[in-house]
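The sequence and structure are shown first.

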Amino acid sequence: MKKYACVILIITSIAACNTRQPDKEVIISDTTNTITRVDSATQIIDAHYFWEADQDTPDGLMMKKSRPISPDSLTTGNLLQVLNNLHPNVELSYVKTSGDTMFVKINKSTYLTQRTGSSGAEAYLAEVTYNLTELTGINFVDINFKMGDHAEPGTYSRTDFVWAKK
């Protein structure tokens, strides 16, 4: 009997020494990001990202985070420049900010409203809205341009671009 008790005690001791307890969750928060550490892996929870519309998904048009934006690059000017570089045929310019709404305009909207098709125009408006609402305090984007067949001006939020799965 002593033999079995000794064996059980040794096995229990070895198992106790080799049992790794998972790291506790640690949350670090600053003005731009919340970083969570779980099981030695660090994840940025609410970092800012540049968004792109993906039209080639089985579920249709989807917004995807394409790359993180560092807090020092998260400015109206930088975001407009990136959007204008991605879409050189549609030049977006800043008008003003009032409350939680940013006002922008497109002077020459023919390419957007007549040549990109309905899904192309919707993808563009979604990208503009998602990216400009990455800015702190901006929840709506008022996009002013001459209405055409495939797009119309208006005030947009991210909820305007929530697509149901097919």
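## Surroundings of T133

Beyond residues up to four places away in sequence, T133 touches I138, N139, F140, V141 and R158. The model is predicted. T133 itself lies in the loop between α4 and β8 (140-144).

Two polar links involve the side chain of T133. The side chain reaches the backbone oxygen of T129 at 2.7 Å, and a polar contact of 2.8 Å joins the side chains of T133 and R158. T133 counts as buried because its relative accessibility is 12%, against a cut-off of under 20%.

## Helix α4

Helix α4 (117-132) has 16 residues. From its first C-alpha to its last, α4 reaches 23 Å, close to the 22 Å expected at 1.5 Å a residue.

Of the 16 residues of α4, 12 are buried, and the helix is thus mostly covered. Among the buried residues are G120, A123, Y124 and E127, together with T129.

## The largest pocket

The largest pocket has a volume of about 160 Å³. Its lining consists of L86, H87, P88, N89, V90, Y111, L112, T116, G120, A123, Y124 and E127.

Helix α4 supplies the largest share of the lining, 4 residues. By residue class, the lining divides into 7 nonpolar, 4 polar and 1 charged.

Technical notes. Residues numbered from 1 in each chain as written. Predicted model: local features only at pLDDT ≥ 70, side-chain atom pairs only at ≥ 80, totals over all residues. Heavy atoms only, no water. 1 Å grid on protein atoms, 1.4 Å probe; cavity = no way out; pocket = protein on both sides within 12 Å on 5 of 7 lines; lining within 4 Å. Points joined across faces, edges and corners; volume = space filled by probe spheres on them. Helix = DSSP H or I, 4+ residues; strand = E, 2+ residues; numbered from the N terminus. Nonpolar A, V, L, I, M, F, W, Y, C, P; charged D, E, K, R; others polar. Expected span 1.5 Å × (residues − 1). Buried < 20%, exposed > 50% of the residue type's maximum accessible area, 1.4 Å probe, protein only. Polar contact = N/O pair within 3.5 Å; in protein donor to acceptor, adjacent residues only side chain to side chain. Contact = heavy atoms within 4.5 Å.
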